[in-house]
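Hi,

Here is the structure I promised to pass on. Have a look, and then read my notes below.

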Amino acid sequence: MSTLGRFLRNPAGLIGLLLLLLVVAAALSAPSLYPDDPLRLAGRPLQWPLTNPRFPLGTDNTGRDIAAEILHGARISLAIGLVATLLSVTIGIAVGALAGYYGGWVDDALMRIAEMFQILPNFLLLLVLVAVFGSEIGTVTLAIGLVSWPASARLTRAEFLTLRQREFIEACRTLGMRDAQIILREILPNALPPVIVYAGVVMATAILLESALAFLNLSDPNVPSWGNLIGAGRAVLRVQWYVSAIPGLAILVTVLAVSLVGQGLNDALNPRLRGRP
Amino acid sequence: MRLLALASRRLLASLPTLLLVLVGLFLLLQLAPGDTVDALTAQIGGGDPAMMEQLRQFYGLDVSVPIQLGRYLWRLVQLDLGFSSIYGKPVASVILERLPVTLLLMLSSLLLAIAAGTALGILAARRVHRWPDTLISTLGLVFYATPSFWFGLMSIVLFSIYLGWLPPGGFEEIGGGLTGLARAMDIATHMLLPTVTLALIFLAIYLRIMRASMLEVMTLDYVRTARAKGLGEAGVLLRHALRNALLPMVTLIGLQAGTLLGGAVVVESVFALPGLGRLAYDAVTQRDLNTLLGIVFVSALLVIAVNLVVDLLYARLDPRIGGRA
């Protein structure tokens, strides 16, 4: 059975895919359903959900339309997740491939750098980066990508360490292929599947990191991020708890979707695991 | 003894890494806009250039960056973390005041996550592919996807505001004048929600790992042997399978020590706990870079310490590791 077929027959992967499609649909429909700036004043503040047909999810404490903020927030979360993951996985693969293929002092030096990042709590390093470089949304995304690469580097390195010993690589060397060719065309395609699966975890973490930063008012205040809305709702938590509750559910659904798809991919790409309890 | 040698070698190996981290961070913070004196004068509403020059001299900011770095490292060796401009006290004493709260939060969350994760993981593995397994695995996925700060807020709404069972934040009743057992109980009620909030994500991860490794271990030969010699199910499970199934989880605890600390920053902010994480947040928003650097230093030490404990634990669980050293 094809990988796609196996993926679609897995309930976890299928539910994840459906949820992810829902989030993507929300992100895509935002500009046409709510063409105005989601951060503008839309109506009387603090209207409960389902009380005013104009605002199905109510309004927050500054009178912004929560439904508009949720849909536009989906764009922000997905964009941050994708860009940060791409950056993190690219750095991870590059570092891991070089360390695993060449070994020796290259490996020592690169792994020492990875260790430096792992000794520091990710979130604390993120705070330092934001304190130094500011909290503009591009900077925050970049910073999230920068703090989360070591795990994928270790994963890639481990794959390269076993693959470079294999006979087909010996054969490539005997044929006189250059290192770059062997790394990119022979080893990398074989090393990639576990890293791609792990990218799901990276993306879920990236979305959670940004929302935590935004919740603490340390992310970009000028974008409709879900974390920002939860942070704003904190001021009225005692009575109007829905302001914080709704965006939290949106984050939960998105992160759940991404991790379920990752798990589904894992099961589909590892057919050996099938039939095992 | 061999174990101790292994541990101390690991500890020595982490020192150069720690040094690199500190040098890197020091240089990184040089890029930050404004220095301690700027932050200080901004707080007292501006100052004249002559006074600012004097202050820079006082804080040693009037010399070149390499000399500053050298002085900084030399002070670190003497465990002097510098002076916090915001709190008006040495950074070391500010951090020491806050450290116990964070340690208590981290330790209780970790214990809760390990205990509940192990129990649920075993339960799921025993009933694999039946409804308890499905329920537990689904719960694990949902817990993992829940933003901790949001869970914290919602638990405040439910338990503090609607039910009124637990306090919404803080470390203890201020001015309660409680001592002894009464004070401990007071702190425990304040720490309950933060502990559960921080433990949730790790609980989800541990239960998944535990379930997987339990399933793996239960198929191995020695488990069959244990069964064949007539050992009861509980004996097989607890004395033979669990010990080996614990190994991947212990590894993970070491790898995630940093994540746990990062999570504490957020949770402490939600529950207004006067801990290290809250201090880090204040240091960032008020540009107290000396304190921030000190916190990072202490956190790195904490991560190294946790990994040391994990190494020792690992060798204790699996005697082969001590021998390999």
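Which residue forms a salt bridge with Glu170(A)? The partner is Arg173(A), with the closest N and O atoms 3.9 Å apart (a salt bridge is a side-chain nitrogen of Lys or Arg within 4 Å of a carboxyl oxygen of Asp or Glu).

Before the rest, some housekeeping. This is a predicted model, where local features need pLDDT of at least 70, side-chain atom pairs count only at pLDDT 80 or more, and totals for chains, interfaces and linings use all residues. Residues are numbered from 1 along each chain as its sequence is written, chains are lettered from A and ligands numbered from 1 in the order in which they are written, and side-chain values use heavy atoms, leaving out hydrogens and water.

Back to the pairs: over all chains, a search finds seven salt bridges. In one of them, Arg157(A) meets Asp107(A) at 2.7 Å, N to O. Another joins Asp133(B) and Arg211(B), whose closest N and O atoms are 2.8 Å apart. Asp133(B) lies in helix H6 of chain B and Arg211(B) in helix H8 of chain B, so this pair ties together parts 78 residues apart in sequence. Asp133(B) is buried at 3% relative accessibility, and Arg211(B) is buried too, at 19% (buried means under 20% relative accessible area, with a 1.4 Å probe and protein chains only).

Now the interface. There, 49 residues of chain B are in contact with 43 residues of chain A (contact means heavy atoms within 4.5 Å). Between the two chains, the count of salt bridges is zero.

Cheers

Key:
Helices (H or I, at least four residues) and strands (E, at least two) are DSSP runs, numbered from the N terminus. Buried means under 20% relative accessible area, exposed over 50%, partly exposed in between (1.4 Å probe, protein chains only).
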